[in-house]
Amino acid sequence: FISLGKDGLFYSHQPTNDDELAIQKRLTLSADHVSNSNGAGDAMTAALVHAHIHNFDIEKSGYLALAAANCAISTKETINPNLSIATLHKFLKDSTC
């Protein structure tokens with residue numbers, strides 16, 4: 001995973017099964033409101049760790065990370081008090097990713 005800032009997130013995946021093709025993809029998720037970019041990278045990393053622990057597929061992991069970054073930048077506070085896994089899943093459900 002590589003953060004592309006406002007341009008989204010890039011990921012590359014080399015499967016362990018020879019029958020599958022390697023994947024390289026850029027994901028984007030529009031931010032409704034940017035108040036403060038502090039904490040976006042940290043939130044993104046935390047979401048990726050959460051996704052890995054819970055065995056999310058790579059694309060779902062990327063979108064969860066983007067949702068976390070978007071949540072982080074939507075407030076002037078360094079840590080958005082509304083940032084939670086439930087909030088991120090709701091955001092993804094309501095978005096058009």
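Modeller: Happy to, and please keep in mind that this is a predicted model. Let's begin with the pocket.

Colleague: Which element gives the largest share of the lining of the largest pocket?

Modeller: The elements that give two or more residues to this lining are helix 1 (40-53) and helix 2 (58-73). The largest share is four residues, and these come from helix 2.

Colleague: What is the volume of that pocket, and which residues are the closest to its centre?

Modeller: The largest pocket has a volume of about 310 Å³. It is lined by 18 residues, and the closest to its centre are Gly5, Lys6, Ala69, Asn70 and Ile73.

Colleague: How many residues of the lining are charged?

Modeller: The lining of the largest pocket divides by residue type, with eight nonpolar and eight polar residues. The charged residues in this lining number two.

Colleague: Let's step back to the whole chain. In what pattern do the strands and helices follow along the sequence?

Modeller: The chain holds three helices and three strands. Read along the sequence, the pattern is β-β-β-α-α-α.

Colleague: Why can the chain be called as compact as a globular protein of that length?

Modeller: For 97 residues the globule rule gives 13 Å. The radius of gyration of the chain is close to that value, so the chain is as compact as a globular protein of that length; the radius itself is 14 Å.

Colleague: Is Leu29 buried or exposed?

Modeller: Leu29 sits in the loop between strand 3 (23-27) and helix 1. Its relative accessible area is 13%, and buried means under 20%. Leu29 is therefore buried.

Colleague: And Asn55, buried or exposed?

Modeller: Asn55 lies in the loop between helix 1 and helix 2. The relative accessible area of Asn55 is 67%, and the cut-off for exposed is over 50%. So Asn55 is exposed.

Colleague: What is the phi of Asn55?

Modeller: Most residues other than glycine have a negative phi. Asn55 is a residue other than glycine with a positive value, near 55°.

Definitions and conventions: Residues numbered from 1 in each chain as written. Predicted model: local features only at pLDDT ≥ 70, side-chain atom pairs only at ≥ 80, totals over all residues. Heavy atoms only, no water. 1 Å grid on protein atoms, 1.4 Å probe; cavity = no way out; pocket = protein on both sides within 12 Å on 5 of 7 lines; lining within 4 Å. Points joined across faces, edges and corners; volume = space filled by probe spheres on them. Nonpolar A, V, L, I, M, F, W, Y, C, P; charged D, E, K, R; others polar. Rg over C-alpha atoms; globule rule 2.2 N^0.38 Å. Buried < 20%, exposed > 50% of the residue type's maximum accessible area, 1.4 Å probe, protein only.
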